[in-house]
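Let's take a friendly walk through this model, starting with a pair of helices and then stepping back to the domains.

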Amino acid sequence: MDQQFFHDDIRLFLERRVDWERYFRLRRPGPVNVEEELDTFRSILESLGQICEDIESDSRDHWHEEVRLEDGVVRVPAHIASGYAKLKEAGLVCIMLEPQYGGYGLPTLLNIAYLEMLSRANTSLMTILGLQAGAANDIQKYGSDELKQQYLPRFTSGEVQGCMDLTEPGAGSDLGGISTRVTEQDGRFFVDGGKIFITNGGAEIHLVLARDAATFDQSKGTTNGLNLMLCPRTLPDGTKNGVSVSRVETKMGLHGSPTCAVEFDHAEAYLLGERGNGFRAMLDLMNAARIGVSAQGLGIAEGAYRQARTYAGERIQFGAPIIEQPLVKSMLTLMALDIQASRALLYHTATLIDQTEALEAYLASDRDEADFDRTELQAEVERNHQLVRFFTPLCKYYATEVASHVTRSAIQVHGGIGYMSESVVGHYHADSIITTIYEGTSEIQASFALREMAKGALFTALDQLRTDLETLSTDFPEPVGQLKNAINVLSETLPSLMEDPSYALLNAKRVSDMVISVIVGGELLLQCRSEPRRIELAAAYINRTTLELEMHAKRIKSGDASRLERYDKILSV
Ligand SMILES: Cc1cc2nc3c(=O)[nH]c(=O)nc-3n(C[C@H](O)[C@H](O)[C@H](O)COP(=O)(O)OP(=O)(O)OC[C@H]3O[C@@H](n4cnc5c(N)ncnc54)[C@H](O)[C@@H]3O)c2cc1C
């Protein structure tokens, strides 16, 4: 049966919401055939959709199988190995890498669609694949030519895999606590220390964040003085490096995804990017990974929703399918709306990332097209960077929280059978929970978004939204009016909140929800221009969230930081 992994909502974005003509003209010189490029994109996602169907049916009954550690070697379950082999055989391991390293140089939007589809088919396998593009892109951006030549083609071919080693027992959300040490000896670098919770920690290539021994004491407790190191398990001369896996965790979900404790014992490593500035280089990887985990959450939510929707149409109680019960229908509708909203924000952000990369490619070239003004393009790049820094934590926060509650609702729709250990929606739920924790917890994402707002990103986003709404007001006067009103409420509420940092942090999730509701509302209305029948969906979303936004604003205005003192009293009871 066609499971529609490459479904209509992905097609909508791919075919209607991106100015591909401009993207390709900026990215490279010469004539552009947009239809031909789009055909290639479609055919890649169609092939991937078929592979995802196979992967899903092969792995469905093996979800619970655990990763094992045997004689220091990490062994993934057979369904993970065979799924990876299928993607490798299809040449779909690192689709974004440049063609000179064997990739296709595909845009982020395609990669996000890929990760959404794969996560729905097999969430554990997605964690491994998602890391490959991120790690390889970081090497492409920060590695020496020698490192790029040596490792990138092997990433694309699937011969080697990578992982990202940040977390330590004393350094989770706060990476200033990193104490893994990197020492320079005669122009060579060596890493000593231990990392925990490393996804795919048995991989050949480790991208390790470690503190430079030369400035260890001065930089301790901060993210300064960190180096990003490429640390292979096998050195170029074929000898074994000092990297080993000491433990593989068993977890609540994601059973097929290896989560490892990794030890570095005077392991030789190579510097990526500037010495002492490794946190900056790792941020690129982390931001890409945050977008990837958002896609993971979205895929999980989509999978659980589809299961629940089908079940509700088939399960008969009181002489009728349960979907006819208003409460069940409303649960499903809310799930559908939240998924649409989550995709709108994520795909919109992916498109911004792509447009920015295309602009940068043009600005780095010596081309001089009549209709591209370099000063204007440069201003657009800066505006886009500000928006991407703002929207990335919002995507991660929102898509993963949506995954967590959509999967929980999917269990509710299934009733008792949803709670059985073989329940597919139960598996999705167990897998969803970690998405709100790794790559920066929801609380950390909300506080990052707040920080970007304080730097002015909110005004940039709202300016853009106001411009978009002007173009929509004739066709959709009522929802546009509601959104304009919501923007006014937001603009009245936030400036004074920002003056009180503790109270602002206390409200970081609430504020994030408010901002997401207007940005997503605008994007859903823009989608109606090419697909007018989506107006029911957009109007329902805007109705619900503008009411919630007003309630949030009232709650914020009704208090101040003294609320925290009340919490102290409650917690000490
Ligand atoms: C399955 C799995 C896979 C993982 N994969 C990787 C990997 O590949 N590489 C890697 O390096 N790490 C990985 N991690 C680690 C993961 O990124 C961390 O667990 C995560 O960043 C949170 O850190 P922590 O567990 O130390 O929690 P803590 O930082 O101790 O946080 C505990 C709680 O306090 C809250 N909190 C902390 N600080 C703040 C703050 N400033 N404001 C508000 N709230 C705050 C958090 O939101 C959370 O609710 C993985 C973890 C798991 C479980």
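## A helix pair

In this predicted model, helix α13, spanning residues 442–454, packs with helix α17, spanning residues 508–530, at an angle of about 70°. Their axes lie 8 Å apart. Angles of 65 to 115 degrees count as roughly perpendicular, and α13 and α17 are therefore roughly perpendicular to each other. Their crossing is left-handed.

Which residues make the contact? On the α13 side you will find A446, S447, A449 and L450, while α17 brings A508, K509, V511 and S512. Sorted by class, the residues of this contact of α13 with α17 are five nonpolar, two polar and one charged.

## The domains

Stepping back, the protein chain divides into domain 1 (8–156), domain 2 (162–276), domain 3 (280–442) and domain 4 (456–568).

## Where domain 3 meets domain 4

Taken over C-alpha atoms, the centres of domain 3 and domain 4 are 18 Å apart. Domain 3 gives 14 residues to their contact, and domain 4 gives 13 residues.

Which elements give two or more residues to the side of domain 3 that touches domain 4? They are α10 (326–364) and α11 (374–414). The largest share of that side comes from α11, with eight residues. By class, the side of domain 3 that touches domain 4 has nine nonpolar residues, along with three polar and two charged ones.

Key:
Residues are numbered from 1 along each chain as its sequence is written. This is a predicted model: local features need pLDDT of at least 70, side-chain atom pairs count only at pLDDT 80 or more; totals for chains, interfaces and linings use all residues. Axes are lines fitted to C-alpha atoms, for helices over the stretch in contact, and angles run from 0 to 180 degrees between N-to-C directions. Helices (H or I, at least four residues) and strands (E, at least two) are DSSP runs, numbered from the N terminus. Angles under 35 degrees count as roughly parallel, over 145 as roughly antiparallel, 65 to 115 as roughly perpendicular and the rest as oblique. A crossing is left-handed if the near helix is turned anticlockwise from the far one by less than a right angle, and right-handed if clockwise. Two residues are in contact if their C-beta atoms, placed from the backbone, lie within 7 Å. Ala, Val, Leu, Ile, Met, Phe, Trp, Tyr, Cys and Pro count as nonpolar, Asp, Glu, Lys and Arg as charged, and the others, Gly among them, as polar. Domain bounds come from an automatic or database domain assignment.
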